[in-house]
There are 2 protein chains.
Amino acid sequence: MATINAPKEVSFQQDAEVLRKACKGWGTDEKAIISVLGHRDAAQRKQIRLAYEELYQEDLIKRLESELSGDFEKAMYRWILDPADRDAVLANVAIRKLSPDHHVIVEIACTRSPEELLAVRKAYQARYKRSLEEDVAAHSKGDTRMARPNRSFYLLVALVTAFRYDGEEINTRLANSEAKILHEAIQDKKFNHEEVIRILTTRSKMQLMATFNRYRDDHGTSITKHLQGDSDDKFLAVLRTAVRCLNDPKKYFEKVLRSSIRRMGTDEDALTRVIVTRAEKDLKDIKELYHKRNSVPLDQAVAKDTSGDYKALLLTLLGKED
Amino acid sequence: MATINAPKEVSFQQDAEVLRKACKGWGTDEKAIISVLGHRDAAQRKQIRLAYEELYQEDLIKRLESELSGDFEKAMYRWILDPADRDAVLANVAIRKLSPDHHVIVEIACTRSPEELLAVRKAYQARYKRSLEEDVAAHSKGDTRMARPNRSFYLLVALVTAFRYDGEEINTRLANSEAKILHEAIQDKKFNHEEVIRILTTRSKMQLMATFNRYRDDHGTSITKHLQGDSDDKFLAVLRTAVRCLNDPKKYFEKVLRSSIRRMGTDEDALTRVIVTRAEKDLKDIKELYHKRNSVPLDQAVAKDTSGDYKALLLTLLGKED
């Protein structure tokens, strides 16, 4: 379930006017901006952008970029974008890093629905005039792609280009045989075996869940646990992230939040990313998981680690009433 | 340009009535069936199916399957389907062969537009409740996928899952550097080098054409020529088909037609496939290429090699006036 509180009936023109007023003149009224945009869903934010453009012949996003700064600007920029377009931006930022952040790519590829991932690929092309897989493939050069064993390239591209079957059907026999294949490869430390890549990148999520369950039933331990190991092995790390995202996305996101807050110096990029991308989806469930796992409510942990307008926006997205 | 002659104004109900009459009673009026369906485009055929279903509470395709037989039935069945659905069927038939016909998979993956390929993947899932890449990956087992060097799997899956950028932009510098990478790999006979797979499966078609042109300019010979070699090397054969389909689909289709007709015993599957899938697209251009290359008009060659209703349908699709 979502965390944001968005009223059903909204006057987009009125919202645009409030935003214009908040941006005009000396200083910016960040509170007013948060109180509007922090309480609007994706469809509403889009309408507000259109209304703003029509009223003031100005791109609202560009205006906000020039008015805001720091983590707050980054978070607001990500929040205001359409979800698919936002994912395209997140992926591009991750790819262009000196050492590309493959976990963000895997997260987008494995936690979005097949149709959502497709929309991200379309948005990526519209924005960057190249395909997502093209950039993932070209930019993982010199990193995990060329390392021995060098199959991160295949794994990443196959995850990003997958358009998995989205039905509920499960083939139990297949789950059994593929749980066995996975176990054998993992036992032999052949993590990059092409059968492992094939299974994880082409099977439907429902089928994979059945396979992972079977794995746990047969061996008493989850496949994720068995994928712990050499922390320098980048391929293994990417593989583990993929399995976690496919198997239990909410649990995965809880852990990303936990790590981002726990660190010496909060990892704002990760914190922002999870809150912004999940606020309209399942952040309520992730919040519950977080509370249970850490014995601290998520909003409290976020409030402790952040400050100013950035904090105010995150807490609003987490469902705090004004 | 297309070859079929379809009138702009069609009464779908009247067409359905003619088809019903042709199927009813003793014997079937194949000529009537060809004269209707052989002159209707994909959108019209769909409307005729809907009209037929509504009028007679019967699936036209099923009815035709029970009335017709042999190569004619097969060709008519393929022709009447929506293009994306037809490609899904062609791919599935190719995959399920004892020795999967990877060239058909490559042909569909590399000669269709990115949006068309996507539609094929959706149609495949709707029909078979699995993803196309899932079946391609699972069924190439024991064949090229497991052979050494065993990267056909990656090549095939990456070709099938590609959603290439479809814009016109070309990066000349990139074309130069990637032409060089391809040439080095080919010179070293490292056809399955991951850089080769990366370039061919992720770059846009316009970009690849620039790269192939550059390759030819630098080395005086086309990349296709350089990919000739060991005819037992299945990976190399698949790679060569991919390059030919990406570089010049019409020339590729001309050659498929030429080989299908030249053989002792015509290869009806290939002949039907090319004529049926290209009749509404570019079969007119392919016909011209064929005539030029073989000094015989394509319709004449087809007429010589085929017979009966099958021949009549193919010639109609090739643009013959009744």
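In which helix of chain B is the place of B:Arg244? B:Arg244 sits in helix α15 (residues 234-247) of chain B, where helices (H or I, at least four residues) and strands (E, at least two) are DSSP runs numbered from the N terminus. This is a predicted model, in which local features need pLDDT of at least 70 and side-chain atom pairs count only at pLDDT 80 or more, while totals for chains, interfaces and linings use all residues. Residues are numbered from 1 along each chain as its sequence is written, chains are lettered from A and ligands numbered from 1 in the order in which they are written, and side-chain values use heavy atoms, with hydrogens and water left out.

**Surroundings of B:Arg244**

- Leaving aside neighbours within four places in sequence, B:Arg244 is in contact (heavy atoms within 4.5 Å) with B:Thr224, B:Pro249, B:Tyr252 and B:Lys255.

**Interface between chain A and chain B**

- Chain A gives 35 residues to the contact, and chain B gives 35 residues.
- The buried area (the accessible area, 1.4 Å probe, that two parts lose on being put together, summed over both) is about 3,200 Å² between chain A and chain B, and carbon and sulfur atoms give 52% of it.
- A:Tyr154, A:Phe163 and A:Glu194 supply 21% of the area that chain A buries against chain B, more than any other three residues.
- Between the two chains there are 11 residue pairs in polar contact, both residues being at pLDDT 80 or more; a polar contact is a pair of N or O atoms within 3.5 Å, where within protein one must be able to donate a hydrogen and the other to accept it, and residues adjacent in sequence count only if both atoms are side-chain atoms.
- On the side of chain A that touches chain B, α8 (114-128), α9 (132-139), α10 (152-161) and α12 (194-202) each supply at least two residues.
- That side of chain A has 11 nonpolar, 7 polar and 17 charged residues, with Ala, Val, Leu, Ile, Met, Phe, Trp, Tyr, Cys and Pro counted as nonpolar, Asp, Glu, Lys and Arg as charged, and the others, Gly among them, as polar.

**Salt bridges between the chains**

- The count between chain A and chain B is 4 salt bridges, each a side-chain nitrogen of Lys or Arg within 4 Å of a carboxyl oxygen of Asp or Glu.
- One of them pairs B:Glu134 with A:Arg203, whose closest N and O atoms are 2.8 Å apart.
- Another pairs B:Arg203 with A:Glu134 (2.8 Å, N to O).
- B:Arg203 lies in the loop between α12 (194-202) and α13 (205-219) of chain B and A:Glu134 in helix α9 of chain A, so this pair joins two chains.
- B:Arg203 is buried at 4% relative accessibility and A:Glu134 is buried at 5%; buried means under 20% relative accessible area, exposed over 50%, and partly exposed in between (1.4 Å probe, protein chains only).

- Over all chains, the whole structure has 48 salt bridges.
- A:Glu178 and A:Arg198 form a salt bridge, with the closest N and O atoms 3.3 Å apart.
- A:Glu178 lies in helix α11 (residues 172-187) and A:Arg198 in helix α12 of chain A, so the pair ties together parts that are 20 residues apart in sequence.
- A:Glu178 is buried at 2% relative accessible area, and A:Arg198 is buried at 1%.
- Salt bridges that share partners join A:Glu134, B:Glu178, B:Glu195, B:Arg198 and B:Arg203 into one network.
- A:Asp135 and A:Arg130 meet in a salt bridge (2.8 Å, N to O); A:Asp135 is buried at 3%, whereas A:Arg130 is partly exposed at 32%.
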